[in-house]
Amino acid sequence: MGLKHKDLLGIQDLSSEEIRLILETAEPMKDIIRRQIKKVPTLRGKAVINLFYEPSTRTRTSFELAGKYMSADTINISTSTSSVVKGESLRDTAKTLEVMGADIVIIRHSAAGAPHILSKYISASVINAGDGFHEHPTQALLDMFTIKEKKGRIDGLKVAVVGDILHSRVARSNIWGFTKMGAEVRVIGPSTLLPPGIEKLGVTPYTSIEEGLSGVDVIMVLRIQLERQQKGLFPTIREYARLFGVTPERAGLARPDALIMHPGPMNRGVEISPEVADSMQSVINEQVTNGVAVRMALLYLLAGGGSPHEIID
Amino acid sequence: MKLLIKGGRVVDPAAGINGENDILVEDGKISAVGNNLSVSGTAGGAETIDAAGKLVLPGLIDMHVHLREPGFEAKETIATGTRAAAMGGFTGVACMPNTNPVIDSRALVEFINSRAASEGLVNVYPIGAVTKGSKGEELAEIGDMKLAGAVGISDDGHPVMNAQLMRLAMEYAGMFGLPVISHCEDLNLVADGVMHEGYQSTVYGLKGITRAAEETMVARDIILAELTGARLHIAHISTAGSVDLVRMAKKRGLNITAEATPHHFSLTDEAVGNYDTATKVNPPLRGEEDVEAVREGLRDGTIDVIATDHAPHAVEEKDVEFNYAPFGIVGLETAVGLSFRELVEPGILTVEDLVMKMSVNPARILGLVKGTLKPGADADITIIDPDLKEKVDISRFETKGKNSPFGGWELKGLPVATIVGGRVVMRDRRLWQENDKIRNTSGG
C-alpha cells in the first residue's frame, strides 16, 4: 500500500496504518544516512522545492538533505529573496512553481492553512513543514519514529507534552499522532497557554508539572517564545522557568527510563535545564537524525514509492 | 402609470392583513388593497403582475449593509450593491459609514444620497459615524448628518471602546431620536482573533475570538442605554449570552433592539472547514448552542430584525491565507432564501414574523415611513414565491463580492419581484430594465 493522500497537510488526516507505513519506510532510510556514501538514485529526476516563509535551520536543512540523499533536485526558496517581497500572493507563487515542474513542494508558513491553499492550486504534492499554530506533521512523525525506536512501541505509553500548547503546531501534530498510535497524552502548561477544548482531542491537561510528569514514559518539552510573555500570557520568563521548567528533580518524577525530547531550538535554562537536555535519557540529537530519515520516507512515498524494500539498491 | 398585482397572499401586519388580495399602485403609491381590483378605465400603460400563489409583502429593508462607496469601489459600489439588493428582494438598504472617507459629515451623507439618487436601484438610507473618522475620539456632527438624512449612527467595524464617549453619543443622539447602532466587540478581548474561540479554533490553530468579546460590550451598552435613555440597537448578535442580555434588558423595559444575520442563524464554526475564507466574518460564526440561541431569540422576539451585514470584498482579497483575509460575508442575495430555509420552513417564524423582522421593525427603528402596504404608502413591495427552488450560484451574484459560504445551497422561498416606489426593478429572478417593461406592456 501507499499513502492515500497526494499531500501531507497534517497528522489529523492520516490513519494509524499510514503513520505506521511512514515509520516503517523510514527505517531503511536511516540505514542510508549511516552509509559512507549517502546517496541512492530513487528520486532522480524529481524536483523538490523548499518554500519557506519563516526562518528555519533544522527543518529546511533536513528536507534538503533528505531530497539530496535520494538524488532529487532540491531548491530552496526563502521569502526574503523571492517575489513574495514584491507582494506576490501565495496562489500565484504556487502556480509559478507548478508550471516550472515541481513534483513536491514543502512549505513553512506563519499562517495556519497556507499549505491547504497551496494544495488547492497545484497538482504537485504538498508537505506541510509547519503552518502557524496548526500542524507540523513531519516533526510528529520523527518524534514517533524516535519513540518507537527507543521504546519498541508507542501504544500504551504515557507521553507528556510540556509548554506553550496554545501556540504550538508541534503539540497539535504530536497530540494527533500519539493518540492515533494508542499513547496516553498529557499536556502541561500555564492555564493561559492551554487552548480551549483541548480535552476533546483526547488528552488530559495539567497545570501542575509535578502531577503531569509523574510516571510518564516520554517528556516532550516545547520551546517557549519570549513574545508570548510580552503579550502578557505569563508574567516573566523567570517565573515560567520556576513553575514549568523541566529540571532534573521534575524529570525524576517520570519513569526512570523516560525519554527527554525537544523539537528545538532549545532555550536552555528556561523550559529545560542543561542537565536534562544533556542527560543520558535525552534523545534530542537523535530526533534530528531521525528527522532526515522520516522526511526521506515521506518524499519517497509521496513520489509514488510503494514497498520500502525497493529503495535499498 | 399603474401597476396591478393580482391574486397574491398579502401579508401586511401593520394593516392587519394576511390573505388573498389585489394591490393597485398609482403614481408610486399604493392606491387600493382589496379583492377583484381592476385597472379598467385606464387606457394602456398599466401593467399586471399575476401573483397567484405568491406572497406580496411590504418592501424588505436591510438595515445593515456595506455599499463600500466611496473609497472601496473594487469591493462594491452603490450601483452594484443596490442591484444585489433588488435581486435579494430588498426595496431599501441602510448603508454603514465605514467607507473612505468615513461618512461623518453632512457633505458625505449628501454624497451618498446623490449617488443613490443617480445610481441606486433601491432606496438607500445612510447611517452616519458616531465619531469623526470612526476613530473613537470625538463626536461627529451627528445633528447635521441627521438634518441631511442620516437614519442612525454607528461606528460599525470600529467599536467605540471609550465608554464615556459612547455615553455622550447616546445622550447626544437621543436629542434627534436617532438610534445608536452598536457593533459590540471589545477589541482587547478580540486581540488578533480570526474565528470563534473553541475546539475548532484549537484544531485549526487559528486565534480564537471569545464570546466574552461581544457580551461584555453588549452588557456595557445596555447599561449605558439605561443611563441615557438612548435608543440602542445591537448589530449582528452572535452569542447565546448576548441574546440573554438583550432579553433581560427588554424585560426591564429598556428601549433596546437587536438584529441577527442569516449566517449567524445558519452556520456554526465548523463551516470554517478547510480554511474557507468565505466563512471569515466578524463577529465569527459561533457554536451550535449560539446558533440555537439566536434562532430562539428570533422566535421569542428578543431579536427584532434580520439584517445581512452584507460585507463584499474583492475576490483577490479573500483568496489568501485565512489570517490575512478580511472579515465579511455577502448576504443580500441569499437572505430571503436562508430565512425561509432556516426559520420559516422549520416553523421558527411565520411569514408574518418574517415581515416584521425584515420590513416593519427595521423601518420603525430607522424612523422610516415604510413597512406597510396601506393605501397612501410608498409602493415598496416584495413578492416572494414560497415554492420556488434555486441552488445558490455565486457566479451569478449581482454584488461584486463573491465571498459567500452558501454556494451550492438549495434554497426554497425566493423573491420574484422587487418594486420600489411603484417601479419594478426585479422580476422573475432578474433585474428589470426599462426596455423590458416596454416590451412587457406592449407585448401583453
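This is a short tour of a predicted model, moving from a sheet in chain A to aromatic rings and then to cysteines.

Begin by selecting the strands of chain A that form an open sheet of four, where the order is E2-E1-E3-E4 and the pairing is parallel. At the edges you will find strand E2 (73–78) and strand E4 (125–131), each of which pairs on one side only. Neighbouring strands of this sheet are turned by 15 degrees against each other on average, with direction ignored. Now select strand E3 (residues 104–109) of chain A, which is joined to the parallel strand E4(A) by five bridges, and look at Ile104(A), which stands opposite Ser125(A) in E4(A).

Next, turn to the aromatic rings, which form five pairs over all chains. Select Phe234(A) and Tyr240(A), a tilted pair with 5.3 Å from centre to centre and 45 degrees between the planes. Phe234(A) is buried, with a relative accessible area of 6%, and Tyr240(A) is buried too, at 3%.

In chain B, select Phe406(B) and Trp409(B), whose ring centres are 4.8 Å apart and whose planes stand at 85 degrees, so the pair is edge-to-face; both residues are buried.

Then look for charges over rings: Arg295(A) lies over the face of Phe63(A), at 4.9 Å from the ring centre, while Lys280(B) lies over the face of Phe327(B), at 4.8 Å from the ring centre.

Finally, select Cys95(B), which is buried with a relative accessible area of 4%, and Cys184(B), which is buried with 6%. Over all chains, the structure holds zero disulfides.

Technical notes: Residues are numbered from 1 along each chain as its sequence is written. Chains are lettered from A and ligands numbered from 1 in the order in which they are written. This is a predicted model: local features need pLDDT of at least 70, side-chain atom pairs count only at pLDDT 80 or more; totals for chains, interfaces and linings use all residues. Side-chain values use heavy atoms; hydrogens and water are left out. A disulfide is a pair of cysteine sulfur atoms within 2.5 Å. Buried means under 20% relative accessible area, exposed over 50%, partly exposed in between (1.4 Å probe, protein chains only). Two strands pair if DSSP finds at least two bridges between them. Helices (H or I, at least four residues) and strands (E, at least two) are DSSP runs, numbered from the N terminus. Axes are lines fitted to C-alpha atoms, for helices over the stretch in contact, and angles run from 0 to 180 degrees between N-to-C directions. Rings of Phe, Tyr and Trp (its six-membered ring) pair if their centres lie within 6.5 Å; planes under 30 degrees apart count as stacked, over 60 as edge-to-face and the rest as tilted. A charge sits over a ring if NZ of Lys or CZ of Arg is within 6 Å of the ring centre and within 35 degrees of the ring normal.
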